Amino acid sequence: MDPSSPCLILLILIGCVECSFENHHHHHHNGTRRYDYCVLGAGPAGLQMGYFLSKAKRDYIILERNSGPGSFFNKYPRHRKLISINKIHTGRQNREFNLRHDWNSLLSDKPDLLFQRVSGEFYPPADAFPLYLSLYVKELGLKVQYGVDIGRIRAVPSAAGRSYILTDQHASDYTCSVLLVATGLWVPQKVEFVGSDLVEGYESISTNPEDYRNQAVLILGKGNSAFETAQSIMGRASRVHMLSSSPVRLAWQTHYVGDLRAVNNELIDTYQLKSLDGLVEARLEKIVIAQRKENGVRRSGGRKTERKGQLYVTLNKYTQEEKNSSDVTGEELPGYHIDNFSMRKPYDRVIRCLGFRFNFSIFDSSSCPPNSENAKGRLPGVTAWYEGKDTPGLFVLGTAAHSRDYRSSAGGFVHGFRYTARAVHHVLEQRYHSNWWPSTKLLTTQLQSWILKRVGEASGPYQMFEVLGDVILLRGSHCEYMEEFPIQALPQFSSLSGHEISSHGLIVLVMQYGKKKIDYLGRGRAQTDWTKAWKSNFLHPVLYYYDKLPTEEEMKLRPHGWPLPRPKAIHHMVEDFLTEWEGPISHIQPLRRFLEHCVQTDLRAFYAESCFRASLTHRTPPLFCQQGYLKQQGLSHNGQLRQHVLDAGLTPTEQDAGKSGADPTFPNYLAQAGASVSSGLKIDF
């Protein structure tokens, strides 16, 4: 054997291995892994998107820095109770309806893959959530790679226009055409002020109430994390004060689930009933947390009334200019100037509970989305379809995308962003795979029933009120029904969905609250008169009719508090105590009249006998009869009568229908008869 043969064989084998890596879609000889879609983060938003990508058989990977999914919930909330409701018993078997009251489950095609499998508690323990997410990954077979800590993300030009390269802690690269960021918010929000180094963070405080026994505690913040902390220690602490720049916002008043929930608000009782606890307003940038230079202040009898190391709250204006030290003299304390200053007594601890912010540090300048204009810049700025502004191909999912509906809807929470993730997936399917936004084709006579079905059970528009809405494309004798479109993206509707608007226009169905500030527990808080439905205060369906798509300019200039610009016609369905919009007089009849105005024809349902008589006495029978009775629906085993009608020329033939491109279902009989379009044609027998 030639001595050089083993070397030649070895070189051939090495070459074959290299070729196999080069030809493999995910691996290259330089260690780079390539995917069409990279999902960053295996929290609930990342896994939800992973499900949709997996179901569509797309090339994707979910990258997670920790050893399991939902790692945020291994630590937070610190006191281990979730405030997302888990209502298992609704009295209904309708799965879609039940998701209105299940705020923890993710969407899937497995009807039993619900959060209730890991917890039956109404406010579940936080430890249950990672268990549920692990179950979700396992049963759906999602592609998750754990232990990948991405430290740098950059954008580079590619054949498709732009790609993203993600570099992990081992300097390995992951290249993807589309980057879906679902990292959530986990960087503690901080405010810098003199003495901020003396403050403890929510992320590191003790959760043992005994550690606060007989201590005076000041909490910075008045959100749920702050009140959760206060509620945990108030039975042991001597007093608990809470400080922030704004007053408490109660979720049951604002309808925003991120505001203070009743499950955490016990301290409001002790404050209002004057039991030592209290709430104070002041801008954090203007306060100083300090220790006194003296160890204590002696009073009569020589007894020290203040313990060493206690912390004082004072204001910038009382301290020396350009002060950097956290030590103050007695003259710099507000009690020296105002003897009844509310926080004049010292505290043993000051705790910061100001929430979290998005981690911008992993993005370089080529890939970093801008800071949001709201939420104090804590979130990335995204478009109405959740693509990063100035970062094409980078989409933000989950809590991090909450800037679109901050303090106005549920997009920052699982029961909201599970639907916005689905909307983003529809956008991806249209843009990169030419799959139009899913729609259902309906006869126009079926539209009313379909709308009633949606308002009675749909969970997406119900949870993401004023953000996601159903879009109905009117096509004459039929319509196309699209579910859960991000309504602020209507100006870009055609490019995002693939659907075009016809001359008949469109209807947008959204759920919304009233805009008037009222006493939500007072008398007269609810509207029951359907003739005053527009005055409804609680969640109710609203339909907007447009003859053409709103423009970007119209969207910007929409009335304050409105989710959409002024339409050609608008209809409020009066709020309902049971959220069941099925009353024949209060709900159904006003809806039918509105739809008749939009489609310009009679949408009433008729018995077969009435349709027969209308066919004999009217040139164009009502639409319900044309699409049902005259197509042998409504008559049983009697084709002879239909043939008599056709022979008499009482219905248009297919040949006639094709002339001049006109829709035979919509002749001008309304105008000829002098009938009011808004009320529909009245045919009385």
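Reader: Where does Arg65 lie relative to Trp186?

Author: A charge sits over a ring if NZ of Lys or CZ of Arg is within 6 Å of the ring centre and within 35 degrees of the ring normal. In this predicted model, Arg65 lies over the face of Trp186, 4.1 Å from the ring centre. The charged end of Arg566 is placed over the ring of Trp562, at 4.9 Å from its centre.

Reader: What describes a pair of aromatic rings?

Author: The distance of the centres and the angle of the planes. Rings of Phe, Tyr and Trp (its six-membered ring) pair if their centres lie within 6.5 Å; planes under 30 degrees apart count as stacked, over 60 as edge-to-face and the rest as tilted. The whole structure holds 23 aromatic pairs. Tyr256 and Phe413 form an edge-to-face pair, with 6.0 Å centre to centre and 65° between the planes. These two residues are 157 residues apart and link distant parts of the chain.

Reader: Is Tyr256 buried or exposed?

Author: Buried means under 20% relative accessible area, exposed over 50%, partly exposed in between (1.4 Å probe, protein chains only). Tyr256 is buried at 5%, whereas Phe413 is partly exposed at 25%.

Reader: Which residues does Thr420 touch, not counting residues up to four places away in sequence?

Author: Contact means heavy atoms within 4.5 Å. Thr420 touches Tyr386, Met464 and Leu468 on that count. Thr420 is buried, with a relative accessible area of 6%.

Reader: What limits apply to the values?

Author: Local features need pLDDT of at least 70, side-chain atom pairs count only at pLDDT 80 or more, and totals for chains, interfaces and linings use all residues. Residues are numbered from 1 along each chain as its sequence is written, and side-chain values use heavy atoms, leaving out hydrogens and water.

Technical notes
Helix = DSSP H or I, 4+ residues; strand = E, 2+ residues; numbered from the N terminus.
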